[in-house]
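Please keep the sequence and the structure in view while reading.

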Amino acid sequence: MSIHQVTATVADLLTIAPDQNRAPEARESAEVRALVDAARAGSRDAFGDLVLLHERVVLRTALAALSCRADAEDVAQEAFVVAWQRLGGFRGEASFRTWLLTITWRKALDRRRSRRRWWQAPSKPDETFGDEISRAVSVGPDPEAQALARDLARRTATAIAALSPKLRDTLLLAASGEHSYESIGNLLGIPLGTVKWRVAEARRLVSASLQSNGGTS
Amino acid sequence: MMTDRRTSELIDDVAREMTAIHTMPPVRARVLARLDTVRRTPVPYFTWATAGAALLIVCVMVIPMRPPSATRVSMGPAAPTARAADTTTGAVSGAPATTLAAANQVSVLKSAPSGANEETPAEAEWRARRIASLPAIDAGAIQPGTLDLPLLSMAPVTTAPIVMTPLSSDDDDLE
């Protein structure tokens, strides 16, 4: 089996089907606005529906910053609780989703800073990343191809984790499929051109890392 | 070798997998359970903070500008001497006549009746008599004395000539 077949297997198996929960961020639906109004008036059921609508994107956003599922879940819960507390101050100038993700991102960065402060070590990716990637890859029939694909996926994940936080955050947010480049720029407080440059630079560095560490062949 | 496009796709796929959620945790239930323990803030914190700061600034600026409360114990003709030493004027009983008169004038003007504390007819009569009895200030009578400054005497600066001795040139040392 050639490397092209291996990488094609990796890419095809890891390619996630278009996310059905990918919410349009530009325009907020009337349903969401009604739920926000009801939640602002004190309806917990309405807020629960808002949580259901946004829990996936909030979790993925927190995961992009933290690379740890347990921390991401904690941050997601904190973000929703803070959103509930501050819902009275939400004026609707931005969409609820943008407002919620801004809270989430700040909470995630706070968690990352505190974690770094206590451990005095850069955050490492969750070990389960590699396992899940490996599980996704190990569907193919050829054991050799499976092993090669797993190794390549692990090395890619390691190279991404070794990026600087700025490049890694941007790449993971962009790759999550939940955000447009523009919304990433709003979230990170950087211009659109900087977002594009960071994604391209992150890809270049990961690719160079793969080439130097055993190559992609 | 992988093509650049395939490498880029691989990176995107792995990056997407790094933020993928395969099994959703019960976020909704946990969040709703936590809502019972938190108190909702209907107005953002910064609103209260801004209002508090504004109130503090107003208090700091207004309170010192308030005039001291006039303790008008007795304003009647029966005790006119007490007003000469009114603390609001800063005048003392031993002050020169012109100063005291001016101070009294200020004192009388300051103790003008306010809406909340109406002046009685006796007070008004007494005040009118006091104003009439005040001596007029003649600005022309003020004659400042001449300014006498002692002349400065400066001694001339003397410089002593500097004597320099020639350096001896020892050629032996150089060798």
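Q: At roughly what angle do the axes of helix α10 (residues 192–212) of chain A and helix α1 (residues 4–18) of chain B cross, and within what distance do they come?
A: The two axes come within 10 Å and cross at roughly 105 degrees, where axes are lines fitted to C-alpha atoms, for helices over the stretch in contact, and angles run from 0 to 180 degrees between N-to-C directions. This is a predicted model, in which local features need pLDDT of at least 70 and side-chain atom pairs count only at pLDDT 80 or more, while totals for chains, interfaces and linings use all residues. Residues are numbered from 1 along each chain as its sequence is written, chains are lettered from A and ligands numbered from 1 in the order in which they are written, and side-chain values use heavy atoms, with hydrogens and water left out.

Q: Why are α10(A) and α1(B) called roughly perpendicular?
A: Angles under 35 degrees count as roughly parallel, over 145 as roughly antiparallel, 65 to 115 as roughly perpendicular and the rest as oblique. The crossing angle is roughly 105 degrees, and α10(A) and α1(B) are therefore roughly perpendicular to each other.

Q: Which residues meet where α10(A) and α1(B) are in contact?
A: From α10(A), the residues R203(A), V206(A) and S207(A) meet T7(B), S8(B), I11(B) and D12(B) of α1(B), contact being defined as heavy atoms within 4.5 Å. Sorted by class, this contact has 2 nonpolar, 3 polar and 2 charged residues, where Ala, Val, Leu, Ile, Met, Phe, Trp, Tyr, Cys and Pro count as nonpolar, Asp, Glu, Lys and Arg as charged, and the others, Gly among them, as polar.

Q: How many helices and strands does each chain have?
A: Chain A has 10 helices and 0 strands, and chain B has 7 helices and 0 strands; helices (H or I, at least four residues) and strands (E, at least two) are DSSP runs, numbered from the N terminus. Buried residues make up 49% of the 217 residues in chain A and 21% of the 175 residues in chain B.

Q: Why is T61(A) called buried, and what does its side chain contact?
A: T61(A), whose place is in helix α3 (residues 44–66) of chain A, has a relative accessible area of 0% and is therefore buried. Its side chain makes a polar contact with the side chain of H179(A) at 3.2 Å. A polar contact is a pair of N or O atoms within 3.5 Å; within protein, one must be able to donate a hydrogen and the other to accept it, and residues adjacent in sequence count only if both atoms are side-chain atoms. Apart from residues up to four places away in sequence, those touched by T61(A) include L101(A), T104(A) and W105(A).

Q: Why does V51(A) count as buried, and which residues does it touch?
A: V51(A) is found in helix α3 of chain A, and V51(A) counts as buried because its relative accessibility is 0%. Not counting residues up to four places away in sequence, V51(A) touches F80(A), V27(B), R28(B) and V31(B).

Q: Why is S67(A) called buried?
A: S67(A) has a relative accessible area of 6%, so it is buried. This residue lies in the loop between α3 and α4 of chain A, and S67(A) has a positive phi of about 55 degrees although it is not a glycine.

Q: How does the reach of helix α4 (residues 69–85) of chain A compare with the expected span, and how many of its residues are buried?
A: The expected span of a helix is 1.5 Å times one less than its number of residues. Helix α4 of chain A has 17 residues and reaches 24 Å from its first C-alpha to its last, close to the 24 Å expected. α4(A) is mostly covered, with 13 of its 17 residues buried.

How values were computed:
Buried means under 20% relative accessible area, exposed over 50%, partly exposed in between (1.4 Å probe, protein chains only).
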